[in-house]
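Dear colleague,

Please find below the structure that I am handing over to you, with its sequence. My notes on what was found in it follow directly after.

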Amino acid sequence: MAGEAQQSGGHSGPEKTGILSFPYSRRFFLLFMLAILAGLGVRQYLKPSGFGEIGFFRTAALDEEAAREPTLQGKGACEVCHKAEFDAHEKDVHLTVQCEDCHGPAAEHVQARTDGLAPDKGKMFRELAQANCLACHRRLQARPKLFPTIDAAEHFTRMGVTDSSVKCQGCHSPHEPLFLDRKVSQARLHPLIHACTDCHLDPAIRSKALPDGHVVTFQCKDCHADVLADYKTKPHKDLECSTCHVFHQDSEFSGRIFKNGNPKFCLMCHQQQPFRGKGSIPQLASFEAHRNEMASDDADRQKRCVDCHAEEKIHTMHRPAKSVVVGEGGAR
Amino acid sequence: MIEDGSDVLDRASLAVGRRQFMKIGLVGAFSLLVPFAVRAAERAPYKREDYTWGFIVDTTKCMGCGSCVRACKAENSVPDGYHRTWVERYTVLANGRVEVDSPRGALDGFPEDPAHPKKDVAKSFFVPKLCNQCATAPCVQVCPVGASYAAPDGVTLVDRKRCIGCGYCVQACPYGVRFIHPQNGYADKCTLCYHRITKGLPTACSQACPVGARSAGNLKDATSRIRALLNSSRYGVLKPALGTNPKCYYIGLDKEVV
């Protein structure tokens, strides 16, 4: 059937060659061209301006996306008006936490204050719920081990908190959670031991294999055994070293360590609070009152908690200058 | 010097001497320039051709607080129940079973540990997810109207005015980072905070991250932080076998992460 049709078509056409010479094909061809032209016309009409200039998209879309104004302002915007809080925040361990992480986006607030609107406009979060703090500090198996976390129930028990609905701010200032006396970058550099000769005087020991049971990653106890032995006899013995001494590792070889003697730090646990049970841990109604009561002269009135209580309650501050205890090879 | 002095004396009515006048003049002239200098520093004109944006996530630092998710939501008005970025928790059990969860995308962090005794858990970690900024992006390829596109600076974006909301790109994305905006109908996704990075600001998520676990950076700039991190650490990308060539790199990526 198909062969017949083709044959009859071939015979009935004029005796010319070339595509344009076939009358039926010519009509088809013209129709086809017309369709293409119409298509191009429609495309021109539908294609948005600027499409395809630098890629298969509308160029203006790129600028529209880039033109949006940021909502989060960054902590620099807060510094302008809240200088005191900002400075306290900058020198403590929360310095990497943005203001807006806890207080919410500031764009509306900044705009409202710039325009001088009423204080209820552009209000930010002020008092955070326990859950907000625990979003970072809840103890979870997946959290990195060095990150400070708590089990809320366990923490409350240890701190003698009887009202478990109390906010974290009851004891901890969120702006300066550890009341550090200096910036992290200004804290004392603490070496991390790596080479054998850091402890062993004899260079020959370097060529020997690590003996069985030798420490690979050093902990506080490996160098400060004497202090730790003393510490274990004092009432604070259940706390980790890192509870008071923040250690901030800077590199493979060193870190920054804090000896925090700020009374505010001690008072986080020892300040008398309505939500804390009586007799759970020693509590002070007023640090200043206690200091003045105990003081005999002006020098005493400048003292911190650790100046009087360290030896008895925490650990000895008088220790040999070099407490590194090593065996063969001799201590440095 | 003498001439100078006499000159000043001659015009005793003048309140300022010549030297002082010059000083004031110079300081004044420079102080006039200060606003321009500050403005130039603030908004140096962004040149697309100088940038290829990439993203780096350090999974060893992430502690699953969800600050990035909250910041992203606030910055980009992400509708409830949808996420441009989210944090997943992988729990690898001792018997080899792997569990992944992300309650509300970690918008409120992670309220509790998964219900397994501690001894049954071999390891557990967090992995933040976002648009992988693929160099050969499947979502761009499938868009019938040219609304999904890769910007010349390496960021995959959506033209909201052009998008017809067909959802092809949502299906094409192997990382599940796209969604159809429930109110506005267009496809929405992480833009790498294009409106911020082109102004010299960090992305909302990386600014919010308290442990510095995530940041966007210019792969073309040999001095950028992302290049330094890529040069100094061992990293991986998600689903490399798909040939999407992601520009989102993960430090400390576990083989279980998909």
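Within chain B of this predicted model, confidence is lowest in helix α1 (residues 2–10) of chain B, where the mean pLDDT is 45. The highest value in chain B, 97, belongs to strand β7 (residues 179–180) of chain B. Over residues 1–14 of chain B, pLDDT stays under 50, and the model has four contacts beyond four places in sequence for this stretch. Where pLDDT is low, the predicted coordinates should not be read in detail. For chain B as a whole, the average pLDDT is 88, and 83% of the residues score at least 70. The model itself has an ipTM of 0.77 and a pTM of 0.79.

Strand β1 (residues 53–58) of chain B runs antiparallel to β9(B), and five bridges join the two. Within this pairing, B:Phe55 has B:Ala216 of β9(B) as its bridge partner.

The contact between the two chains takes 33 residues from chain A and 40 residues from chain B. On the side of chain A that touches chain B, α3 (59–67), α6 (99–103) and α8 (130–137) of chain A each supply at least two residues. Of the elements of chain A, α3(A) gives the most to this side, with five residues. By class, the side of chain A that touches chain B consists of 20 nonpolar, seven polar and six charged residues.

Finally, one residue of chain A may be of interest. A:Asp250 is located in the loop between β2 (247–249) and β3 (254–257) of chain A. Is A:Asp250 buried, exposed or partly exposed? A:Asp250 has 14 other C-beta atoms within 10 Å and is therefore partly exposed, since a buried residue would have 20 or more and an exposed one 12 or fewer. Leaving aside neighbours within four places in sequence, A:Asp250 is in contact with A:Gly255 and A:Arg256. A:His190 is 60 residues from A:Asp250 in sequence, while their C-alpha atoms are 9.6 Å apart in space.

With kind regards

Notes: Residues are numbered from 1 along each chain as its sequence is written. Chains are lettered from A and ligands numbered from 1 in the order in which they are written. This is a predicted model: local features need pLDDT of at least 70, side-chain atom pairs count only at pLDDT 80 or more; totals for chains, interfaces and linings use all residues. Two strands pair if DSSP finds at least two bridges between them. Helices (H or I, at least four residues) and strands (E, at least two) are DSSP runs, numbered from the N terminus. Two residues are in contact if their C-beta atoms, placed from the backbone, lie within 7 Å. Ala, Val, Leu, Ile, Met, Phe, Trp, Tyr, Cys and Pro count as nonpolar, Asp, Glu, Lys and Arg as charged, and the others, Gly among them, as polar. pLDDT is the predictor's confidence in each residue, from 0 to 100.
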